[in-house]
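Let's take a walk through this protein together, starting with the whole chain and then stopping at a few places worth a look. Keep the viewer open as you read.

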Amino acid sequence: MPSPERVAHIAPLAFDGERFWPDGATVLTEGASIVSVSAGQGPAPEGFEVRRHDRGTLLPGLIDTHVHLIADGRDGALGRDVHRSPEEREQVVRASLLAQARAGVTTVRDLGDNRWSVLERVSSPGEPAVVASGPPITTPGGHCAAMGGEAAGAAELAAAVDERAERGAPLVKIVVSGGAMTPGSDLLSLQYSAEDLALVVERAARHGLPVVAHAHSLDAVNLCIDTGVRGIEHCTCLTTNGVQTPPDLANRLRDRGIHIGPTFGRIPGSRPSAQAQEVTQRTGLVPAHRFVQVEKLHRQGVAVISGSDAGIHSAKPHGIVAYAVAELVGAGIATDDAIATATSVSAQACGLGSTKGRLRPGTDADLLVVDGDPRADIAALTRVGTVVVRGTTITGDAGR
Ligand SMILES: [Zn+2]
């Protein structure tokens, strides 16, 4: 067997998943793994091919914890998906993954495919790693029902959880409130009762699976916290008076170790779609209120992760998680903490804490080199030079 490729990546600034290394770092990789990380710019030991990333910052590859690979990143994406053949859908998935990789995203968590098309897909070398839920469990005709995960009543819900376990899903996604992108769906409504959700959480635990919930309304978020859900997506805490942040919310989320994914991230300057504007107007789901909310929850110790809901419309194409991080910085969160939401903290939320999200010996050789210093200008995170996916080098957006 030929010995694996040995490469020394040397950069004047590095971020290890948690903090910056101001004197730079030398990261040694062998094949698909990181074998050594040391401060300073070399020298590299003998036998390693040296790649110097002058002016660059070396980070772990980013993780987007909320994507829909079947969605093509144009307006009406999810509506178009249902008309595609399996072959056409596969083309979309492949293009989505390529766009993610070029933006420095080396792991994605797909929180809604169509009839197992992402969960049961065999990935190709150089593609980001995929953690997939399969179709989210939802009520008949409910939010995201077109993905194929409809279930109601104890027997159907139990069967739905069992099916996900049998098909190898590492988590169960359930839609607890209505959502923005399904016409007629009410964000304030509850799709399931406390009994239903408790059943799903308990059944999933039997299979060793965590439950991640889509929840907009405060009622839905409260239900998720009380029933033992591990992750809450959106978590907008909407009421008839708009976005709310009850005083005890942070404590309750933190004490139960719940990750929240606020699904920030959009192309800067993009206009919200007519549908999104209508939802904002009708519900009071005002982005500025959410930035204040999430900064506060983070300051109070809640684990925030960055997932962008990539693919669902033209302001959210694939490969925008760096913009979600930039929005957190804009909201007042420290740069190192903000980048951790798309690296080490995300990895932990995805059950990949030992292999992803950090520059550390033993983790996968998932690397990102960006042009500039994100501490001075967070937009540097979007200037992608080199991307390495499990030891395979691909070219980033900036090198196209
Ligand atoms: Zn989503």
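**The chain as a whole**

Among contacts in the protein between residues at least 6 apart in sequence, 68% join residues at least 24 apart; a contact here means heavy atoms within 4.5 Å. What you are looking at is a predicted model, in which local features need pLDDT of at least 70 and side-chain atom pairs count only at pLDDT 80 or more, while totals for chains, interfaces and linings use all residues. Residues are numbered from 1 along each chain as its sequence is written, and side-chain values use heavy atoms, with hydrogens and water left out.

The protein has eleven helices and 19 strands. These are DSSP runs numbered from the N terminus, with helices being H or I over at least four residues and strands being E over at least two. The C-alpha atoms fill a box of roughly 65 × 45 × 40 Å along the principal axes. Of the 400 residues, 55% count as buried. Buried means under 20% relative accessible area, exposed means over 50%, and partly exposed is in between, with a 1.4 Å probe and protein chains only.

On a 1 Å grid over the protein atoms alone, a cavity is a set of points where a 1.4 Å probe fits but cannot get out, whereas a pocket is an open set with protein on both sides within 12 Å along at least five of seven lines; lining residues have an atom within 4 Å of a point. Grid points are joined across faces, edges and corners, and a volume is the space filled by probe spheres set on the points.

The largest pocket holds about 670 Å³ of space. It is lined by 31 residues, and those closest to its centre are Thr263, Arg266, Leu285, His313 and Lys316. Five elements, β11 (172–175), β12 (211–217), β13 (231–239), α7 (274–283) and α8 (287–299), each supply at least two lining residues. Helix α7 gives the most, with four. Sorted by class, the pocket lining has 13 nonpolar, twelve polar and six charged residues. In this scheme Ala, Val, Leu, Ile, Met, Phe, Trp, Tyr, Cys and Pro are nonpolar, Asp, Glu, Lys and Arg are charged, and the others, Gly among them, are polar.

Start with glutamine 100 in helix α2 (residues 86–102). Is this residue buried or exposed? Its relative accessibility is 0%, so glutamine 100 is buried. Its side chain makes a polar contact of 3.1 Å with the side chain of histidine 318. A polar contact is a pair of N or O atoms within 3.5 Å; within protein, one must be able to donate a hydrogen and the other to accept it, and residues adjacent in sequence count only if both atoms are side-chain atoms. Leaving aside neighbours within four places in sequence, the contacts of glutamine 100 include Asp64, Pro128 and Ala310.

Now turn to the backbone. The peptide bond from glycine 42 to proline 43 is cis, with omega near 5°, and proline 43 lies in the loop between β5 (33–39) and β6 (49–52). Tryptophan 116, in the loop between β9 (105–110) and β10 (129–132), has a positive phi near 70° and is buried at 11% relative accessible area.
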